[in-house]
Amino acid sequence: MSNCRFLYHNGVVLEAPPVTTFLESLTGAYTTTRTISNGTSLLFWERHMKRLSSSIRILLNSKPELLFSSGSSPRFWMNQPVPHSSIYDLVNGSMSEALKSVVVKESDRIYGEELAVTVLVTGNVEKLNRLDDGNKWDEERKVLDFLDVWLHLGAYSPFPLGVRENAASLALVGRGRDVAAAKYSDWVRLRKPLEKFRSPSTTELLLSNDGDHLLEGCITNFFVVCRRVKSSENLYGGSLSEFEVQTAPITDGVLAGVIRDLVIEVCLSKGIPYRERAPSWSERELWEEAFITSSLRILQHVGTIKVPIGSLEALACNKPEEIQWKEKRFKERPGMITELIQVKLVTYITLKIISFSPVLFLSFESNQR
């Protein structure tokens, strides 16, 4: 992967740290997507802007300290409207200016490489402090007057979908997020203690509040394909109705991921039985397939899932190397239903449902005359 990486804020292109370091350094709501077609379009941009607007509203009304820096809680604008169109215009304005300023040399890019794009919206504490007190709020003042946009662009090399060697390995290591319906940068810092339980082979860390019902990954949504009838035989010779795709509902405390929503739409359109129910580890003998989703990975099939013996209590009482695990193994390649959903998602991406605004007009500087 190349070292192509940029940070844009207030009209200035800055030296960019890795995206994790960037998110740890600032407080706010964010979303991450990526380009397709050699950096010319943003993947599901409209959906990401809607989710970003939703995250901002949730944080303003429940935990404004997660949007502003620690100690700043401007409760005087709770329940103030934050129109999706306003966030859309705010971010797109910054994106358009950023793309005019960024020049990428062809020699710095690797063939097939795309850009990961992270948009972070933070509360501007300096502007907030200019108010004498909370009573100075008036009808002319808008929430958007106190929000800043940061853009982080970095090289990203998509891996091929469905390849056996790309199976994800998951491990249950912690409890669910607070304010899980919003995507906020503090979570990047809060999840760091969980990393000590990540083995070199572990792809993603799972979360659960009771040690049995699996909610989501630290940066992904989690799905299983479950047999609806307990049987000692594999029922893959049967119809789709003999299976059910399960994932935790938003009300259980998970993020409404952009690809998660698309998977649900695929299930409905293809007649695949689907239920919003947190997959239960105690019913794992019925699990035929599992996969995780995110805007960078799209959909990745799961090869193994590990849960600590003694559940979450074992994590608190033992050193990482002393923990014993129970393991569920799946087939090395994507299962029938996982592959069906995967193919449909790829069709969305390559043919029809590319929600973006604007088209990315990145400046590519060639070494050739």
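**Ser294 touches Ile219, Thr220 and Ile259, leaving out residues up to four places away in sequence.** A contact means heavy atoms within 4.5 Å. This is a predicted model: local features need pLDDT of at least 70, side-chain atom pairs count only at pLDDT 80 or more, and totals for chains, interfaces and linings use all residues. Residues are numbered from 1 along each chain as its sequence is written, and side-chain values use heavy atoms, with hydrogens and water left out. Ser294 is found in strand E14 (residues 287–294). Helices (H or I, at least four residues) and strands (E, at least two) are DSSP runs, numbered from the N terminus. Ser294 counts as buried because its relative accessible area is 13%. Buried means under 20% relative accessible area, exposed over 50%, and partly exposed in between (1.4 Å probe, protein chains only).

**The largest pocket holds about 990 Å³ of space.** The search runs on a 1 Å grid over the protein atoms alone. A cavity is a set of points where a 1.4 Å probe fits but cannot get out; a pocket is an open set with protein on both sides within 12 Å along at least five of seven lines. Lining residues have an atom within 4 Å of a point. Grid points are joined across faces, edges and corners, and the volume is the space filled by probe spheres set on the points. The lining of the largest pocket has 47 residues. Val19, Thr32, Arg191, Ile219 and Leu296 lie nearest the pocket centre. Strand E7 (residues 147–156) gives the largest share of this lining, 4 residues. By class, the lining splits into 20 nonpolar, 15 polar and 12 charged residues. Here Ala, Val, Leu, Ile, Met, Phe, Trp, Tyr, Cys and Pro count as nonpolar, Asp, Glu, Lys and Arg as charged, and the others, Gly among them, as polar.

**Ala116 sits in strand E6 (residues 114–123).** Ala116 counts as buried because its relative accessibility is 15%. Beyond four places in sequence, Ala116 is in contact with Thr33, Arg34, His152, Leu153, Gly154, Tyr156 and Leu296. Leu296 also belongs to the residues nearest the centre of the largest pocket. Ala116 and Leu43 are 73 residues apart along the chain, and their C-alpha atoms are separated by 10.0 Å.

**The side chains of Asp186 and Thr27 are joined by a polar contact of 3.4 Å.** A polar contact is a pair of N or O atoms within 3.5 Å. Within protein, one atom must be able to donate a hydrogen and the other to accept it, and residues adjacent in sequence count only if both atoms are side-chain atoms. Asp186 lies in helix H5 (residues 186–190). With 13% relative accessibility, Asp186 is buried. Apart from neighbours within four places in sequence, Asp186 is in contact with Thr27 and Leu66.

**Ser208 lies in the loop between strands E9 (204–207) and E10.** Ser208 counts as buried because its relative accessibility is 0%. A polar atom of its side chain lies 2.9 Å from the backbone nitrogen of Gly211. Ser208 and Arg175 are 33 residues apart in sequence, yet their C-alpha atoms are 4.8 Å apart in space. Beyond four places in sequence, the contacts of Ser208 include Leu172, Gly174, Arg175, His213 and Leu312.

Most residues other than glycine have a negative phi. Phe44 is found in the loop between strand E4 (41–42) and helix H2 (45–62). Val179 is in the loop between strand E8 (168–174) and H5. Phe44 is buried at 1% relative accessibility; Val179 is buried at 16% relative accessible area.

**Across the chain, the mean pLDDT is 83, and 80% of residues reach 70 or more.** pLDDT is the predictor's confidence in each residue, from 0 to 100. Confidence is highest in strand E10 (residues 216–217), at a mean of 98, and lowest in strand E17 (residues 363–365), at 42. Over residues 353–359 the pLDDT is below 50, and this stretch has 22 contacts in the model beyond near neighbours in sequence. Residues 361–369 also stay under 50, with 18 contacts beyond four places in sequence. Where pLDDT is low, the predicted coordinates should not be read in detail.
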